Amino acid sequence: MNRIQRYCLTGLLVCLSALNPLNGQTVAITQDAMDEAGIRSGGRRIYLSLSGDLFRFFSDNIKEEIISGLSGSAAFEAVKAAIPLPAVERISGSAARITLPATPDYYVTSEDRITVTIPASALYGSSSAVTGAPEVRVANMKTSIGFSGTFTGSTSESDVRSGGGALVLTATYNHWRTQLVTTEIASVQGMFSAGDFTDRVVSGLASSHITVSDNVLTITFPGSAEYYLGKDEKVTVKVSESMFTDPETLDNEQREVIIDNEDPVVILQNVTFGEQEIRSANHTFLVTLSGDKFISVLSASKLRSDFTGGPGWESILEPVVTFLRINDYQLQITIPAYNTFNIDLPESVSVSLDDDHLQTTTSGSFADAVNRVSLIPMLPTLTLASTPSPLNEGNLNGATLIASLTETRLTDLTVQSSSITFDPPIDGLVAGTPVNETTISFQVPLSFSGDLSDDQTLTMILDGTETVYGSDMTSNTLSLSSSYEPSISRVSIPNLPMGAGDVVTATIYFTDNSEPGTFTYLAGTIEGEPLNASSIRKINSTTYTATFTIREETVNRSAGQSIRVRGLQFSSGVNTGQPGDYDIVQDNDEIDTQPPVVQHIRYEDGTLHRIGAPVSGMVYADGNNYQFDNSRSFINGVSFGAGRIQTTGNLDNTYTVIYTPAEGDADVPPGNDIPVALVMIDRAGNVSSPAASTLYRGYSPVIDANSPFLDSAVVMNPGTKGVGDQIEIYLYASETLNLPDPPINGTHVNFVPISSPGLTFGHLGGNVYRLLYTVSAGDNGVGPGQLTYNLEMEDLLGNRSNSNIPLKNNNVTIGSSLPTATLVVAVRSVRVIPSRPTFTLPGLPPGMWSSTIPEVPIPTSQEFHPPTLSGCIPILPKYIPLERWSTGTGFREIPSER
């Protein structure tokens with residue numbers, strides 16, 4: 001069939017339809033599967049199948065009528081409004097379809113039924129609209145809730161106490177009401193079943209704990225230090241349909257969360273007490289509780305029954321111990337001094353607290369506490385010391401033995417000298433009558449008249465009748481030297497840091513104060529550095545000093561480490577001591593011979609700073625506790641000692657350095673490096689060298705430390721000025737200026753402020769600016785060279801200054817009054833000589849007046865009076881046209897009302 005045939009058939013069909021309209025038209029409707037989610041995502045189609053008539057070709061008007069013929073719920077109206085015309089399509093004479101657009105806000109609470117009405121304009125043979133059948137049905141998707149977060153399933157009471165647990169409720173096919181965060185917090189609190197969790201945690205929910213983001217409700221629970229459980233708590237979370245923007249029956253609405261009760265834990269302080277300790281003083285130990293709290297009032301009798309120990313505890317200590325509730329979690333047990341306490345074997349004390357002592361635990365007794373308190377029996381000892389010490393042949397006569405007892409005591413305070421023997425016996429050594437007796441100590445004076453051929457040992461035996469212990473007691477052994485050569489007890493140095501070059505004084509203490517003469521010989525080293533033999537000084541009979549020098553090669557020692565004294569030996573020329581080794585341990589005497597290393601200073605690159613704006617940098621070094629050398633450290637030429645540079649140590653080998661630029665400091669333009677010189681001193685006085693000047697990665701701040709100023713100010717249009725005239729002043733600045741809006745107060749010309757419309761400030765290019773001043777009535781009158789101005793300036797970084805340097809070309813005269821003048825002219829002549837005289841008003845410069853009156857005509861009588869000159873304006877010099885006669889006299893006068 002060719003094209004002409006097709007057109008003919010089409011035309012014939014149209015004619016037949018018009019002449020023979022069909023009756024009984026119906027529109028059968030089919031549809032894609034539709035639910036809320038499908039409508040929201042878009043692309044769902046409604047198919048129209050026509051019988052009994054034919055669809056016309058759809059014009060835009062017909063498409064709009066078909067769209068208008070759709071009706072459904074209020075929610076569907078938003079879908080309908082969004083249907084574009086191309087979505088309505090005529091597929092054939094008997095078929096059409098409508099494609100629904102994506103409508104994210106489409107939500108319904110029940111099935112949505114949509115009626116499709118085809119307008120008559122869309123049909124060939126019908127004069128009335130046709131309603132399609134069946135209705136288009138959109139299935140309602142019930143709201144379902146997803147429960148997630150840390151507060152789901154189960155959690156522990158300690159986690160609840162800590163807070164921060166989150167419950168995340170994700171709604172499908174609905175939105176949470178945003179008011180849940182503000183005015184409807186009670187609805188959120190009402191989701192939780194009654195109980196301790198609701199009372200102590202949920203009741204504290206506030207807006208800060210709740211967030212709503214479309215379909216997601218997040219609840220972050222605050223902590224509650226008072227939340228303790230006696231048993232597991234079941235919390236039911238039930239969501240109400242009223243919490244949604246589209247309330248409807250929920251597909252699922254609740255979830256149960258179990259909060260686990262945690263068994264309390266008891267920790268017994270792990271301590272050990274000896275018999276003698278308990279006899280001599282009070283002692284305490286702690287019971288610490290976690291997972292529960294002690295009740296406010298504890299029963300001492302019940303607590304005693306919770307402790308278990310050996311016979312010493314059960315029969316002696318338990319009845320007398322006291323209990324003190326320190327706080328909710330700690331109990332202090334005090335064992336009072338018990339001077340007859342005695343046990344034969346070690347004992348351990350444990351505790352198993354009953355839940356009667358706890359606030360919430362109801363599960364019965366729980367596991368024993370970790371750790372034990374130990375009670376240790378101590379065997380009696382006899383400890384022997386002497387003064388002086390050590391003993392030698394030279395100091396034995398007149399020396400005193402000091403005897404001390406532990407874990408026993410003297411039966412009385414009258415120890416007999418016959419109860420004291422020495423093992424082995426030493427010829428010529430006799431014990432005197434004991435003195436200074438206490439229950440646990442006494443002193444024995446010695447006399448010696450013998451001669452020690454070699455070194456001996458001295459041990460004391462105390463008869464058992466003198467002690468409660470009842471058996472003989474043997475002391476420790478003391479050494480007796482057959483010679484009394486110099487004996488050094490200890491060596492000390494100042495408890496201060498030491499650095500390279502320091503000369504340090506060491507003090508040597510001797511035990512033998514009977515050494516005749518004075519020590520003259522000295523040998524030995526301290527950390528490898530020799531003591532200076534010539535520096536030896538005698539302070540008293542037992543104390544000498546000598547010096548040594550710290551060098552760069554000296555071994556470094558941290559504070560608290562042993563400083564080694566080796567081969568120390570003294571001699572008086574008669575008696576020479578044996579070389580001895582000693583260690584000095586102090587908390588602040590470090591040896592540091594290495595100077596600090598300053599690596600670099602780090603700035604934020606390109607940051608802009610004006611006068612008074614702090615410039616912060618971070619200095620990186622190889623250690624902490626350094627100090628800057630104020631006299632040798634500089635930033636941008638400013639000394640650290642100038643008071644404008646603050647430093648702070650950060651304890652991570654870095655130091656914060658803040659420099660505040662002042663007027664006149666050097667500028668640091670973009671691309672230039674700020675000059676720095678950093679010298680640091682450590683605790684030992686070592687100085688870094690050379691001065692560090694490195695910028696990290698070349699980063700440097702930009703500094704403008706100089707306020708702007710004017711090189712010159714020039715009046716560009718001098719002369720006489722009246723009201724309405726303008727004066728231009730060109731200003732040549734030292735740098736580019738900022739033009740803030742509004743301008744900076746204080747700028748003026750002729751005392752007319754910059755805030756006045758008669759004065760403007762503008763930029764002409766480069767560093768050239770202009771003040772443009774328009775003279776107004778009432779402004780100050782100015783004589784030649786008397787024009788004044790002031791400019792308040794600000795550069796691009798905010799540095800401010802002002803300038804009123806003298807104006808160049810200041811040949812300016814200003815008149816700004818507006819008087820009314822009357823001119824009276826008398827003429828006594830008829831011979832006319834035209835002229836244009838100039839007249840002057842008193843009090844104002846000449847040539848400053850003009851008049852609005854026309855030129856005076858040639859008089860026809862001997863005398864005439866021109867009209868009053870009103871509206872006189874001082875502007876550029878002009879002449880008033882007048883006629884006068886050479887044979888007459890003319891005169892001018894200004895009345896008082898001008």
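Hi everyone, let me start with Glu111, which is partly exposed, with a relative accessible area of 39%; buried means under 20%, exposed over 50%, and partly exposed in between, using a 1.4 Å probe and protein chains only. Before going on: this is a predicted model, where local features need pLDDT of at least 70, side-chain atom pairs count only at pLDDT 80 or more, and totals for chains, interfaces and linings use all residues. Residues are numbered from 1 along each chain as its sequence is written, and side-chain values use heavy atoms, with hydrogens and water left out.

Back to Glu111. Which residue forms a salt bridge with Glu111, with the closest N and O atoms 3.2 Å apart? That is Arg113, where a salt bridge is a side-chain nitrogen of Lys or Arg within 4 Å of a carboxyl oxygen of Asp or Glu. Arg113 counts as partly exposed, at 42% relative accessibility. Glu111 also meets Arg137 in a salt bridge, at 3.9 Å from N to O. That pair links distant parts of the chain, 26 residues apart: Glu111 is in the loop between strand 5 (95-99) and strand 6 (112-118), and Arg137 is in strand 8 (residues 136-138). Strands here are DSSP runs of E, at least two residues, and helices are runs of H or I, at least four, numbered from the N terminus. Arg137 is partly exposed too, at 38%.

For contrast, take Arg40 and Glu36: their side chains form a salt bridge at 3.6 Å, N to O, and both residues are buried. They sit four residues apart in helix 2 (residues 36-41), about one turn of the helix. The structure holds 23 salt bridges.

Now the inside. The largest nonpolar core has 32 residues, and Trp176, Met191, Phe192, Phe197 and Val239 touch the most other members. Such a core is a set of buried Ala, Val, Leu, Ile, Met, Phe, Trp, Tyr and Cys residues joined through side-chain atoms within 4.5 Å. The largest share of this core, three residues, comes from strand 11. Leaving aside residues up to four places away in sequence, Met191 touches several residues, including Leu169, Leu217 and Val239; contact means heavy atoms within 4.5 Å. A second, separate core of 31 residues includes Ile39, Ile67, Ile98 and Val136.
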